[in-house]
Amino acid sequence: MTIRSALSRLLFCILLGTTVVVGALSFYEFRRALQSEIAANLQFGASAVMQRIDTFMFSHVENLRVWRGLEVMQDIRVNDVDKRLSHFLSDLRAGQGTVYRALLCTGESGRIVAASDPALIGRMAPAASAWRSIPGANLGNVAIAPVYGRRDGVAVLRTPIPNAFGKGDIGYLYALLDWNAMQALLDEAVGSGPRGLLLLNRDGHAIAASRALRGRLDLPRLRLESWDLPRTGSTSYIHDGRALGYRMLLVGAAVSSGYQQFHGLDWRIVMIEPTSVSFGPIWRLLWSMLAVLVLTLGAGIWISSRLAGRIAQPIVALTDFARRFLQGDSTLPDVPPSSISEVEELHHAYVEMIEALERSREQIVRAGKLAVVGEMAAIMAHEVRTPMGILRSSAQLLQRQPHLGGKERELIGFILSETERLNRLVTMLLECARPTPPDFRPHDLHAIIDGVIGLLGSRAEKTDVALTREFQDEELVVDCDREQMMQVLLNLVLNALSFVPAGGRVVVKAARVAAGPRIVVADSGPGVPLELRQRIFDPFFSRREGGIGLGLTIVQQIVHVHGGEIEVDESEWGGAAFVLRFGAR
């Protein structure tokens, strides 16, 4: 399989998969957003309609409360002999339009004494299976009977008429509320749209519906006790609509919350909309997306073919470069010609990998040198120290002889000094091969630096070199091994003093930066050439006459054990600057 065919197939599959996934996610998100929006709208609409119903009921309850206290109501006491009360009730009914079927007053016996319709006078008051008191402050004990005989569509409100001339009540004021007015309110709320409204009592029985639902449902038999109806406030959800003759419904429901001092009747309003209507735009969008998908795939096949060709050509060139490099051509070529930035990044990453391999090789060589140092140290410790100790002891015994001449004592002094130098060499080799594990404790680097300057101050004065320090903070406390850190700074300052001429200067700077403590040992000497800066830490590499070449190796090892890095740079005076960086501990 060629790169062109592989990339073409890959891009086609990616395009197809991406388009399908994005289309599916978009469809799902649009559907969810539309459902959420419609559900919230239904919930808000249900709350608004419920508020209108509460206001509607409150207005009529308030009418009864006001009318019951009128002076004309006291005519019940004389059986409305002059028909003044009946005429008054007739006028009230006419003034309210068609809201009331009838207004009537009864005596304590329940017989109708006065009515807006003269034909009702003398009959008994409307019977109801149960009266329910309407809760609320100062509503005049108004009660409502269940909407009975829904075939005639009447709800009955009644309130007792108090005795204006004594205690107790003298009868009742009844209002036969035309339930068609309530259903007209529901019809107005939904208009001619696809939505429907159901008004339920607290038991979940339907007591009113909008026009579309009234035509298809048997309201007296409709029970929605199993629906998730709110006890307070409002809610929205999706529900199976088979009870109402639909498949699935979006439902917004709200419970009566009252109006002013009227506390409501625990009625619930349910606003519904079929999902087939709600999600119609989404299904149309889906078909549009499928059409776009087909067009996109056609365009994608053509684009992927062209793009695969443009990608394959520079990758083939990069492959040739890799083969030439494998055959020993270490010359790094120019970036292969390509307008694809990823190909250029691939080339740069490959070159960086080759350079990293070169650095790794140097580190392996360095590790091999250190291993050799370790072996040499072990051999020298065993083979040199024993005879060296014998030589030193013998020289010390000879030095105690009383009849030695000056020449002999000078030779014995040479033996002692050289054995001491050999002992230091062996000790340094052992420290380089097997460094002592650091004992980390909090120490002030400023104090350590001051100690180093105090030890080497006299030597700097003898060579006429200014040895100073610069601190940015009052203290710089870090976790370190004090002796090893002292050894690091002593080696670096001694190296600097060895190369700085008379009249020069050596400065030790310490500061805390964002990454952690930073120490710089800078001098005004000749500096370190660029080509030697990578080798200067190698074992046995020394630029100082008589130097062993292990001091900076040990320094680097100690710095690394402390979690730091050391590098050589150029100081502000053109000399060397050893920069030590430690991570925050």
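Two strands are taken to pair if DSSP finds at least two bridges between them. Strands (E, at least two residues) and helices (H or I, at least four) are DSSP runs, numbered from the N terminus. The model is predicted, so that local features need pLDDT of at least 70 and side-chain atom pairs count only at pLDDT 80 or more, while totals for chains, interfaces and linings use all residues. Residues are numbered from 1 along each chain as its sequence is written, and side-chain values use heavy atoms, with hydrogens and water left out.

Strand β4 (residues 143–144) pairs with β5 in the antiparallel sense over two bridges, and A143 has R158 of β5 as its bridge partner. Strand β5 (residues 154–162) is also joined to strand β6 (residues 169–178), in antiparallel fashion, by nine bridges. Here R158 is partnered by Y174 of β6. The hairpin of β5 and β6 has six residues between the strands, and G168 takes a positive phi near 85°. Of the nine residues of β5, eight are buried (under 20% relative accessible area, with exposed being over 50% and partly exposed in between; 1.4 Å probe, protein chains only).

Axes are lines fitted to C-alpha atoms, for helices over the stretch in contact (heavy atoms within 4.5 Å), and angles run from 0 to 180 degrees between N-to-C directions.

Helix α11 (residues 482–499) packs against two helices, α12 and α10. With α12 (residues 551–561), the angle is about 145° and the axes lie 9 Å apart. The contact includes V488 and L492 of α11 and I554 and I558 of α12. Its residues divide into seven nonpolar, five polar and no charged (Ala, Val, Leu, Ile, Met, Phe, Trp, Tyr, Cys and Pro count as nonpolar, Asp, Glu, Lys and Arg as charged, and the others, Gly among them, as polar).

With α10 (residues 445–462), α11 packs at about 40°, the axes being 10 Å apart. Among the contact residues are L455 and R459 of α10 and R482 and L490 of α11. This contact comprises 14 nonpolar, two polar and two charged residues.
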